Amino acid sequence: MISHHLGLDYALNPGWMAPYVAGLSAGKARARRCQSCAATSFPPLRVCTCGCLEGDWTDLPGTAQVLFRTTGLDGDFGLVHFDGANTKTTLRLQAIPATETRGIIAASGDNLPVLRLTALAEERDG
Amino acid sequence: MQVRDVTVTGAALTPFNRRKDGTGFRDWALSAFEMALERSGLEHSDIDALYVASESDFFHLQLNPASVLATELGLTGVAATRCEGGGASGQVAVHTAARAIQAGAAKHVAVIGIDPSASSLSGDAVRTLYGFSFDAWTDGMTGLTSTALYALSFQAFAAEHGGTEADLASVTLQNRSNACHNPGAHLPRRDSPQDIADSPAIASPYRRLHCSPLSDGAAAIILSRTDATPRGRAGAARIAGMGAATDHMHLGARADPGFFTAKQMAMQRACAEAGATPAEIGLAELYDAYAGTQLQAIAALGLSEDVSRDLNDGVFAPAGRCAINLSGGLMGQGAPVGATGVGQTATCALLLEGRYHPALQPDTLPRYALADTHGGVCTLSAVTILERAERAA
Ligand SMILES: [Zn+2]
């Protein structure tokens, strides 16, 4: 048996998704609204389900409803619906109690563009 | 264009497990290929083309594996193509190879599926890589694991279509129990529902025993133009219909995140090609990446109107109307990714010929068997319907 370590440093370009990735870094839910039917997708869809290729970037409030959640050794993840979006999304749940069904997007900073939901500040305080 | 009929003249699988004997994927590929070729009654020189299924170079650190295997298998000179479709890679290769024969571009072809999914990298490394087999920018970098995505998809399925913890246990126990009669299976286990409940929670509702393992191994089939089938192979099963389809790569963008729409579409296409209905499928090797995935597959393929009821009535048990995963499936037999779809098709072909492992071989053979494979959370689905030869059984 031969042991071999291979390290790979990637330089990946998000291309058309750059505004979405920049949004995650700043903690904004940057969605795409179709110019034809106004359907809003988050994460953004390049081509709208209506077939239109043209869309505009729009920032959602960033709050979301947790529809399903999974917990275990792999971490906490959910299928959630962001307010103002017509699509749902899977993401990481960060410090959202099992009894809580709402949360707000958390900034990923300069790290990998991680899409995650954290507890709402007012609900945490109140 | 005249469409040629295709017969599975040879089929073989190596054991699926975690290799500790110093062998590598080239050894397993050769072993499966030689067995399949011998069963086909053909010679190396009869093979016109080689199709290799392997999900990722990350596993074996061999780019361009199809050309390497052409040499390793003693087939230098043949046309060689590598086929990839995530977890569906093996079935995509079967389709690509069969279409080449149908189109008249080849008479006899070899399809080899391989992957060292267990022994070459740590389980954590493989799980990280698997995370990038969904949308790498949204799911992969977020750290969503395959188990978490499948768990969310199953929860959505259960909320809409039903499916209980007892159903998950039933699938788990049945598949692993079948594997106990398959000498090549990775996880021949006889667990109890309590053992399942006591195994670690990976991503609720999935516990470790609800998951398929990472395995090493290879599978091979030889496909032949039916009118060129060698003497003595008249009992070999034919490919009756194939279908493939894709769904949206984001679970959250699907109208029903729990329903495998791509699988339903692929099945409809395969049935149309075969002139068959789901009710006529009497044996099926399904893509049970997780216990709940099998329930989702049964529903999408149209094999049952009420999955929980039929499961509890024994419809999918070895003696049932549609025996599912007699091999043990991915959960029991194992999952060397590229080999999975080829192995499912090989298993169906051997079963329809009456040449499968004796303890699992049904006494009465149905007309049709189904091999069902997918990649992503059923983002890419590929299914094949095989038909028993008139003279078999
Ligand atoms: Zn639109």
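**Exercise 1. Which side chain of chain A does the side chain of B:Thr145 contact? Then describe the setting of B:Thr145 in this predicted model.**

Solution. 
Step 1. The side chain of B:Thr145 makes a polar contact with the side chain of A:Asp74, at 2.7 Å.
Step 2. Look within chain B. The B:Thr145 side chain also reaches the backbone nitrogen of B:Ala148, at 3.1 Å.
Step 3. B:Thr145 sits in the loop between α6 (136-140) and α7 (146-161) of chain B.
Step 4. Judge exposure. Buried means under 20% relative accessible area. B:Thr145 has 13%, so this residue is buried.

**Exercise 2. Describe the interface of chain B and chain A.**

Solution. 
Step 1. Count residues. Chain B gives 30 and chain A gives 32.
Step 2. Take the area. About 2,500 Å² is buried between the two chains, and carbon and sulfur atoms give 68% of that.
Step 3. Sort the polar pairs. There are 0 salt bridges, but 12 residue pairs are in polar contact.
Step 4. Name the elements. α6, α7 and β5 (201-203) of chain B each give two or more residues to this side. The largest share, 8 residues, comes from α7(B).

**Exercise 3. In what order do the 3 strands of the open sheet in chain A stand?**

Solution. 
Step 1. The order is β2-β1-β3 in chain A, with antiparallel pairing.
Step 2. β2 (40-41) and β3 (55-60) of chain A each have a single partner strand, so one side of each lacks a neighbour in the sheet.
Step 3. Check one pairing. β1 (residues 29-34) and β2 of chain A pair over 2 bridges. A:Arg33 has A:Thr40 in β2(A) as its bridge partner.

Note on methods
Residues numbered from 1 in each chain as written. Chains lettered and ligands numbered in written order. Predicted model: local features only at pLDDT ≥ 70, side-chain atom pairs only at ≥ 80, totals over all residues. Heavy atoms only, no water. Pairing = 2+ DSSP bridges. Helix = DSSP H or I, 4+ residues; strand = E, 2+ residues; numbered from the N terminus. Buried < 20%, exposed > 50% of the residue type's maximum accessible area, 1.4 Å probe, protein only. Polar contact = N/O pair within 3.5 Å; in protein donor to acceptor, adjacent residues only side chain to side chain. Contact = heavy atoms within 4.5 Å. Buried area = accessible area lost by both parts, 1.4 Å probe. Salt bridge = Lys/Arg side-chain N within 4 Å of Asp/Glu carboxyl O.
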